[in-house]
Amino acid sequence: MPLAERKLQINESKASGFDFDLLADSYDSWYAGRRGAMYDRLEKKAISRYLPPSTKGKKLLEVGCGTGHWSRFFSGYDFEVTGVDVSERMIDAAKSKDISNASFQVADGHSLPFADETFDVTAAITALEFVRDAEAVVREMIRCTRKTGQVLLGVLNGLSKVNRQRQRQDGPESPYAAARLFSPVELKEFLEPFGRVEITVGGFVPAQSWLIPFAPWVDRIAGMFRSQKGAFIAAALKL
Ligand SMILES: C[S@@+](CC[C@H](N)C(=O)[O-])C[C@H]1O[C@@H](n2cnc3c(N)ncnc32)[C@H](O)[C@@H]1O
């Protein structure tokens, strides 16, 4: 199907509560800042716990891949990565990075253009919060995952003070206004009907700028005490 036709179909179904085309040019600047880079490091640490021991040549689908930031991370683990996103401009940005072992296409997570059990791992990082119907997207991800594989999710924690502040303060024009935030318990209960779920809460970055370099220690200590309030939840769903 031609891209323009596909985009029209996607827009009509309101695949997402926010049009991420608007952020495609500026999106990566968040990861470039000191605070964003620290969140990124801790989020990757949390997700890494759930990557399978052998990844070389395995196929990974990333739903809501945005500018390909995480696709590059997965490709660094030797996955063969397919990234999809409903935003055409996000996909253009991802393609422009020329990430090895990665290909990108516009697609809606509610109806993925792949055959059943195509991928070893399907992942969605800070994307489930923004889709129209999170359950339908997870069902589609499961359909496309081999029965020996797993679904990996990273979501913004609804119990985190910083995420709640963003939802309140960033205004109706921000993506946060349209986001559905899960708490760790909500995410676990949401996923449990589909398989065995493991969850890690991370992303404990102090509010004070001068404390940012200490975040890895804060994150580790908060993890030891099983705090539920970090900004990020990593979840693995084994089918
Ligand atoms: C907050 S961004 C995250 C991007 C990337 N995963 C990252 O963490 O850098 C959310 C992404 O989900 C995409 N998205 C929202 N609804 C979608 C849907 N129904 N299907 C595919 N992608 C979707 C948006 O276009 C956006 O690029």
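Guide: Two strands are said to pair if DSSP finds at least two bridges between them. Please keep in mind that this is a predicted model.

Visitor: How do you know that E2 and strand E3 pair?

Guide: E2 and strand E3 (residues 102-106) are joined by 5 bridges, and since pairing asks for at least two, the two strands count as paired.

Visitor: What makes the crossover from E2 to E3 right-handed?

Guide: The chain passes from E2 through helix H5 (residues 88-96) to E3. With the strands pointing away from the viewer, a clockwise path over the helix is called right-handed, and that is the hand assigned to this β-α-β crossover.

Visitor: Why is Ala127 called buried?

Guide: Ala127 has 25 other C-beta atoms within 10 Å, and the term applies at 20 or more, so Ala127 is buried. Ala127 sits in the loop between strand E4 (119-125) and helix H6 (134-143), and, leaving aside neighbours within four places in sequence, is in contact with Val63 and Gly64.

Visitor: Which residues come nearest to the ligand?

Guide: Of the 22 residues around the ligand, those that come nearest are Ser16, Phe20, Gly64, Gly66 and Gly109. Helix H4 (69-76) and strand E2 (80-85) are the elements that give two or more residues to this shell, which by class has 12 nonpolar, 8 polar and 2 charged residues. Ser16 lies 111 residues from Ala127 in sequence, yet their C-alpha atoms are 9.4 Å apart in space.

Definitions and conventions
Residues numbered from 1 in each chain as written. Predicted model: local features only at pLDDT ≥ 70, side-chain atom pairs only at ≥ 80, totals over all residues. Near = placed C-beta within 6 Å. Helix = DSSP H or I, 4+ residues; strand = E, 2+ residues; numbered from the N terminus. Nonpolar A, V, L, I, M, F, W, Y, C, P; charged D, E, K, R; others polar. Buried ≥ 20, exposed ≤ 12 C-beta atoms within 10 Å, placed from the backbone. Contact = placed C-beta atoms within 7 Å.
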